[in-house]
Amino acid sequence: MTVRDLRQMFLEFFESKGHQRHASGSLIPVDVTGRLDESLLFNGAGMVQFKPYFRGIAQPPHPRLCNAQKCVRTGDIDEVGDLSHLTFFEMMGNFSFGDYFKQGAIDYSWEFITSTKWLNLDPHKLSVTVFETDDQAYDEWARHFATVGIDPSSRVFRLGEDTNYWPAGAFTNGPPGPCGPNTEMFYWVSDEPVPPITQGSYTSENWIKDDLEKNWLEFWNDVFIESEWQGDTKPDGGYIKTGMPDLPFKSVDTGMGLERAACVLGGYRSVYDTDSFQPILSAIQSVSGKTYGQDELSDTAMRIVADHLRTACFCIADGILPANTGRGYVLRRLIRRAVLKGKRTLNSAQPFMHHLVDSVVENFGDHYKELAEKRAVITESLRNEEALFRRTLDQGTEILLDRLESGRHNSGSVLPGDFAFMLYDTFGFPIEVTSEICAEFGTEVDTSGFNSALAVAQERSRAADQRDSVYGGVVVAFVFESEDGRATPTAFVGYESLESEGRIVGAVPVINEEGVATKEFAIALDQTPFYAESGGQVSDLGVIRLLNMSMVLTVKDLVRQDGVFVHLVESNENLGHEGASANEAQSALQEKLFNQLVSSQVDKARRLDIARNHTATHLLHAALRTTLGEHVTQAGSLVDPDHLRFDFTHGKAMSPEEIKRVEQLVNEQALMAQPVTSYVDIALEDARKMGAMALFGEKYADRVRVVQIGGMPPQDPSYSRELCGGVHVQNTGEIGLFKILHESSAASGVRRIVAVTGRGAMDWANDQGNLIHQAAQKLKSTPKDMLAAIDKMGEALREERKKREKLAQSGSGSQAELTKVGPVELAVESIEGELRDAQAVADRLVDSRPDRVALVSCLADGKVVCVAQCGPGAVSSGVHAGNLVKAVASVTGGGGGGRPDFATAGGRDASKIQEALVAGLATVRSQVSAL
């Protein structure tokens with residue numbers, strides 16, 4: 001059975017049991033409401049996107065769901081390369097929200113595992129563990145084993161909370177949040193005979209020993225979420241348990257590791273032997289020339305490359321790019337570790353990772369269609385990152401060798417552990433590589449110091465990946481309540497109208513650092529036309545007028561929290577809250593504002609400027625993909641009234657011709673006055689079927705809005721069709737002129753364009769016209785004749801340069817004042833010109849005169865420049881050019897320095913040039929005497 005077949009079989013089984021299939025969530029941990037889960041770096045479990053359902057914050061589309069979830073866990077990165085550890089894996093899950101519980105979950109697990117219609121695995125090779133006090137789970141499993149003649153005591157084992165409670169150890173230690181016991185399922189994968197099944201013949205001690213020897217392979221677990229762990233924070237970290245009441249309803253969260261299950265079905269001891277990895281390993285063999293299975297060192301390297309490649313491809317497809325922080329840092333570390341193994345162990349002299357992308361896309365792209373959609377950007381990102389790292393790797397080698405060579409006479413010295421870790425963390429040097437190079441110089445590495453630094457870094461990495469935070473992050477931090485105590489979500493009407501009436505459903509003060517209320521405060525409305533900052537688009541501004549009062553509130557900013565639009569405002573009247581304590585200010589605001597009717601009005605001109613820039617951003621995205629290639633995708637944006645900023649994936653600077661082409665394409669669409677069409681409340685999967693592009697790294701709820709450029713039917717191709725919740729013009733003609741101001745680097749493999757439209761483009765054009773006219777006046781010309789005037793000025797400057805160079809050549813020695821100072825001769829000369837002229841004179845003064853010291857002063861635009869140059873004989877006699885010019889420049893109120901043989905300095909007081917040169921003679925005398 002292939003992995004594809006197994007994935008499909010699991011989903012079909014649970015669909016036959018009344019479950020609704022649900023799409024995988026993104027590797028960026030975003031829940032079904034579109035909220036980013038700040039408690040996690042990556043989506044590491046099937047239930048992450050369903051947290052609001054488990055907590056009762058959101059209503060699931062069905063009480064039973066099933067899915068195949070792509071997952072990344074980073075806590076064991078350094079273990080990858082053995083036969084079982086992975087950073088990327090697929091988790092098959094079935095979920096119940098207040099529907100079936102322990103009996104149902106265990107019945108389904110048993111049927112799917114053992115039924116001849118489904119996996120048909122041998123129950124004699126199956127064992128399970130349950131939480132030590134979970135009698136119901138034990139009894140349910142015992143019932144099933146007994147039906148096939150297996151004594152439960154030889155296959156069902158009670159273990160503690162560290163292994164059989166979710167989150168691990170949560171029964172005693174927390175953290176606060178939903179929790180419950182779990183049961184885990186294992187299969188016998190050893191070549192040794194399967195353990196006996198009679199009573200007392202196989203104990204928990206026997207089982208633990210076999211598990212440690214990896215004879216049992218865990219492939220599935222069922223979590224029974226039934227309690228809310230409550231506790232207080234300890235001063236030194238952790239929690240003190242205060243209670244664990246039952247949740248309003250009980251739920252089931254299960255996860256079957258697809259790769260491990262495939263391993264069990266295929267009779268393999270390694271997940272890398274399954275068809276999840278075989279096509280990838282085959283591709284690695286092709287590019288490396290190595291054969292898998294012949295050498296353990298190479299095999300380990302191939303497994304590392306295969307795993308990290310899968311993770312990288314899926315991460316990039318979900319909008320995660322290599323970076324120096326957060327998810328991007330983990331991705332960068334994985335790519336670099338794979339490249340290092342390819343370069344050093346598999347002898348890949350040239351970049352190879354991007355050549356392997358097709359093996360991943362072809363293997364998984366039928367189910368995870370984003371891989372095929374983002375194939376180009378995955379390929380380009382890996383190509384750029386590997387090229388960058390190979391350069392960095394060479395730099396790291398040089399840094400290590402420089403340090404070792406500078407201390408090559410100190411045989412037996414120790415390389416500090418923090419330096420070794422810097423090489424590991426920054427340049428990807430494994431400690432064994434550093435140790436090997438150090439051994440050549442008789443130097444040891446402080447491995448304990450390295451391990452300490454590594455442990456700190458690993459703890460930071462694990463902190464966002466631990467199971468104890470997997471149910472965290474679902475907290476309503478800011479809730480406006482109505483009289484019945486329920487949060488009142490805000491109805492946004494700003495797509496249809498810039499004015500609306502509504503009522504205030506909550507108000508809170510803004511408290512300063514001293515703990516008192518400021519003039520500003522926040523209110524929530526039951527409906528609003530004000531857009532709250534999201535997806536790179538800034539918030540609307542405007543005014544809110546109270547209908548029953550003369551009060552006017554100026555809207556200064558907005559945020560959206562759990563469906564509530566929070567308006568930061570300032571009143572034109574004193575509400576009695578300013579300067580009061582938090583509670584007093586809260587009472588004053590609620591008393592005067594709660595339930596008041598209001599009229600809201602968005603700043604129309606500002607909104608239209610924002611809409612122009614936002615629609616232009618969509619056109620720019622399409623134009624870039626047309627011009628540069630399909631690897632281009634959005635990697636960040638800012639849309640405000642004054643300009644737009646657009647970051648996109650591309651490995652090199654755009655040429656002037658490419659920039660011109662992109663501008664032309666956008667302006668052509670604007671001139672065509674194409675209608676801008678919006679499709680609202682579309683299922684995410686349906687939007688994808690329409691060809692709507694999901695913006696790179698953006699988070700989406702299950703229901704989305706699609707913005708299309710053009711009036712064609714949704715099933716037909718369009719110039720631009722993207723998932724977007726922002727505001728737009730009604731047709732592209734409203735954009736006016738589109739102009740790119742500049743293009744630059746935003747990060748490795750990411751470029752940035754800043755552009756303007758509409759009024760901003762008009763202002764830019766006017767500014768450019770003014771600059772041209774001012775420049776023409778300075779050239780004593782007209783705009784039409786400016787180029788000819790510039791050419792004429794350039795020719796005059798070139799003639800002047802020739803005259804100065806000729807003057808410098810003719811004066812190199814004939815005008816110099818020579819003074820014998822012991823074994824050296826000091827040549828002093830003053831000229832007018834530039835630094836390069838002074839350098840030329842100094843060079844000619846010392847040429848073929850090893851015992852001469854040249855000291856040249858140059859007056860340029862009222863400033864002093866000094867150059868000192870020493871022949872090798874003068875340097876041997878003790879003269880130091882850097883110290884010489886430093887002394888000379890100090891007299892003229894400046895400073896400088898340089899090498900013993902050549903140095904420059906600058907000064908501010910030109911009237912003291914002669915005094916400074918005299919000081920130079922004294923300095924040379926002292927330097928020669930000192931020797």
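Author: Let's start with a rule: two strands count as paired if DSSP finds at least two bridges between them. Keep in mind that this is a predicted model. With that rule in hand, look at β30 and β31, which run antiparallel and are joined by eight bridges. One of the residues to look for is Cys-858, whose bridge partner in β31 is Val-865. The two strands make a hairpin with two residues between them, and in that turn Asp-861 has a positive phi of about 55 degrees.

Now stay with β31 and look to its other partner. Six bridges join β31 to β33, and this pair runs antiparallel too. Here Cys-866 stands opposite Ala-905 in β33. How covered is β31? Seven of its eight residues are buried, so to speak mostly covered.

What packs against these strands? Helix α26, residues 881-891, has a set of buried residues: Ala-881, Gly-882, Leu-884, Val-885, Val-888, Ala-889 and Val-891. Those buried residues pack against β30 (852-860), β31 (863-870), β32 (895-898), β33 (902-907) and also helix α27 (913-930). Just after α26 comes Gly-893, with a positive phi of about 80 degrees.

Next, the rings. The count of aromatic pairs comes to 40. One of them joins Phe-50 and Phe-97 edge-to-face, at 6.1 Å centre to centre with 75 degrees between the planes. Phe-50 sits in the loop between β1 (20-21) and α2 (51-55) while Phe-97 belongs to strand β3 (residues 88-97), so this pair ties together parts that are 47 residues apart in sequence. Phe-50 counts as buried because its relative accessible area is 0%, and Phe-97 is buried as well, at 8%.

Another pair, Phe-88 with Phe-314, is stacked: the centres are 4.1 Å apart and the planes make 20 degrees. Phe-88 lies in β3 and Phe-314 in helix α10 (residues 296-317), so the link ties together parts 226 residues apart in sequence. Both Phe-88 and Phe-314 are buried.

Ring pairs can also build a group: Phe-10, Phe-13, Phe-14, Tyr-100, Tyr-108, Phe-112, Trp-118 and Trp-220 are linked into a cluster. Charged side chains meet rings as well. Lys-241 lies over the face of Phe-171, 4.2 Å from the ring centre, and Arg-403 lies over the face of Phe-419, at 4.4 Å.

Leaving out residues up to four places away in sequence, Cys-71 touches Leu-27, Asn-43, Gly-44, Ala-45, Gly-46, Thr-87, Phe-88, Phe-89 and Met-91. Is Cys-71 buried or exposed? Cys-71 is buried, because its relative accessible area is 0%.

One last stop is Asn-384, in helix α14 (residues 375-406). Asn-384 has 17% relative accessibility, and the cut-off for buried is under 20%, so Asn-384 counts as buried. Setting aside residues up to four places away in sequence, Asn-384 touches His-650, Gly-651 and Gly-749.

Conventions. Residues are numbered from 1 along each chain as its sequence is written. This is a predicted model: local features need pLDDT of at least 70, side-chain atom pairs count only at pLDDT 80 or more; totals for chains, interfaces and linings use all residues. Side-chain values use heavy atoms; hydrogens and water are left out. Buried means under 20% relative accessible area, exposed over 50%, partly exposed in between (1.4 Å probe, protein chains only). Contact means heavy atoms within 4.5 Å. Helices (H or I, at least four residues) and strands (E, at least two) are DSSP runs, numbered from the N terminus. Rings of Phe, Tyr and Trp (its six-membered ring) pair if their centres lie within 6.5 Å; planes under 30 degrees apart count as stacked, over 60 as edge-to-face and the rest as tilted. A charge sits over a ring if NZ of Lys or CZ of Arg is within 6 Å of the ring centre and within 35 degrees of the ring normal.
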